[in-house]
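Work through the exercises below with the sequence and the model open. Each task is followed by a solution in steps.

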Amino acid sequence: MGDLESNKNGYPSNEIVQSFAWHDLTVTVKDRSTKTPLSILTAAAGIVSAGEMLAIMGPSGSGKTTLLNALAHRVAAAGASTTGAILANGQTLSLRLVRDLSAYVEQEDALIGSLTVRETMVFAAQLALPSSVTRREAFQRVDDLIQSFGLQTQSDTIVGTPIKKGLSGGQKKRLSIASRLVTSPKILFLDEPTSGLDSALSLEVCSYLKKVGRRNNLIIIASIHQPSSATFQQFDKLCLLSRGKTCYFGPVAGCVAYFDSIGYPIPAETNSAEFFLDLINTDLDKDGEIVRRTAQICEAWSQSADQEQLDATIKTSQSNASQSSLSEYHSEKPRIWMPPVVLLHRSWIKAYRDVMAYGIRVAMYFGLALLMGTVFLRFDTQQAYIQPYINAIFFSSAFMSFMAVAYVPAFLEDLHTFHQERANGLVGPLSFLVSNFLIGLPFLFLITCLFAVVQYWMTNFRASPSAFFTFIAWLFLDLLAAESLVVLIASVFDVFVVALAITAFANGLWMCVDGFLVPMNTLNVFWRYVFHYIDYQAYVFQGMMVNEFQHRTYDCAGSDASYQCSYSSDLNSIGKIRGTDVLAEFSIHTGLEGEWFGILIGIIFGYRLLAYLVLMRK
Ligand SMILES: Nc1ncnc2c1ncn2[C@@H]1O[C@H](COP(=O)(O)OP(=O)(O)OP(=O)(O)O)[C@@H](O)[C@H]1O
């Protein structure tokens, strides 16, 4: 049963959920220090009707996010267990129903900087909307939301990247909210939608939210921190928490009278939100006075007629539940192939627009090719160049893969967007990783070609088309493996500095054991058997070495009378060194290239598979 009832602007209004309620909602965690059960939200209860906007307010650490997450059926806190009931139209909501009926706007925006406002909205629609919504309807919905959130003049403005300014903070937040509304959720959760905004922008965001909520009959629940008077007045209801306990739940319009009735009249000309927060902010406590006062306020609430009335309203909604059944409601899902296609398209736009993510990396690899080409310049087949050739091969493979660390920030940005889209049920790890892999292919191939064209010929590696293309193939697989390693490490450690440090360390390790610094037959058994054989750089190094040395001979120093050959070879007597004898010094065998190609591809897919398992588990 979908809701096809659209208002005249093309946005479906909520005709399904008349009320959203919860009671006895308790969240318990294992206390970090004492390791005993600790209740961080205690017996919370509340009800919000369609078209209403609830503010969850309280000092820092009071449990706002915990309550919001518990209501949205998200992990309320690390290792938390949640008890109590969550109801819509008086019926208990399953996880699937909550997911189908609601959307969640995270505190941090996960917008893609290089997309315009309209593109962001269109991609959000394509990712989420089922095939029953026509293209025309989807575009109409997008245009309506852009207009409703006052973004029509910024429609073609990009969100903003570190080097190109785009939207203001308030506009970004409005876009984040609008993009979550594209699926027409009936219940919208927002975690601190005004955080980081000044009071004027906070008011702007909340008044747009209120307007859209009213017009479309939505249930809006937002945690909020220290709103200005004007922002506070945008909300219909207030849930005031302190240390996980309720201090007040009810209409914003009634809270001043309520606090007056329990002995806390608000002085004239005072911001009521600020007054309530100061009243219960135990962080400011010096002599235990505020803790005592807060306990008394919570106690007063639990004994109050308002609380009794709230319980009665929730009970009534439960007893009327059978009148409207939600159980057959299910939101239709988009076609299965849509998410990877949309992600690919989106990444493609990002790739050619976002100079930071890609342009700088292209410039860096080009600069590196020029650097290497001019340092390792015009070698010939004198034996004096054998070692520099080997160095050039090592440097091409190892340093290029080392520089994959430059991909960490771009991947983390994508990962951040993925986490939010996944939490909203839009994208799964497989779609994300497949599109990430596919979009990387042309880009890495471009870098490989750019680098090889410059460096291969400047250095004077073996001049034959097949040798050149074989070099390209090794380098391409090298970069693909290096990027796959970044994907794996950053999926496990999604903190920038940590991912960067671990990727750099891992590539340093692979460099040490790839058979260049210490030839394989000399490498000690630990490093050889534990790391060398799983080192993707080792296969690239060996492959490139064979490509260069297998079919070449080198001239020894000296003249006919006495040659001085630095590598022993059966050709020493005629003043030459066979390239394969150089390979033998490094314990590199020929004829195994196919096997190495296979192993490299296996390592690349192994990294991707591990990344998939990590993302699945998270
Ligand atoms: N394992 C735990 N052990 C002890 N306290 C915990 C644990 N997990 C969460 N808490 C506490 O639970 C409280 C609720 O956190 P929550 O994030 O919901 O608060 P908040 O009101 O949203 O805070 P803020 O405004 O700072 O975001 C915090 O004081 C937090 O320290």
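Residues are numbered from 1 along each chain as its sequence is written. The model is predicted: local features need pLDDT of at least 70, side-chain atom pairs count only at pLDDT 80 or more, and totals for chains, interfaces and linings use all residues.

**Exercise 1.** State the mean pLDDT of the protein and find the stretch with pLDDT below 50.

Solution. pLDDT is the predictor's confidence in each residue, from 0 to 100. Its mean over the protein is 91, with 97% of residues at 70 or more. The stretch below 50 is residues 1-6, which has 13 contacts in the model beyond near neighbours in sequence; a contact means that two C-beta atoms, placed from the backbone, lie within 7 Å. For the complex, the predictor gives an ipTM of 0.96 and a pTM of 0.82.

**Exercise 2.** Is Phe20 buried or exposed?

Solution. First locate Phe20: strand β1, residues 19-30. Strands (E, at least two residues) and helices (H or I, at least four) are DSSP runs, numbered from the N terminus. Next apply the criterion: buried means 20 or more other C-beta atoms within 10 Å of the residue's own, exposed 12 or fewer, partly exposed in between, with C-beta atoms placed from the backbone. Phe20 is buried because it has 26 C-beta neighbours inside 10 Å. Finally, list its contacts, leaving aside neighbours within four places in sequence: Val48, Ala88, Ile187 and Ile219.

**Exercise 3.** Give the strand order of the open sheet with 6 strands, and identify its edges.

Solution. The order is β6-β7-β8-β3-β9-β10, with mixed pairing; two strands pair if DSSP finds at least two bridges between them. β6 (102-105) and β10 (245-251) each have a single partner strand, so they stand at the edges, with one side of each lacking a neighbour in the sheet. Inside the order, β7 (187-191) runs parallel to β8, joined by 5 bridges. In one of the pairs, Leu190 is bridged to Ala222 of β8.
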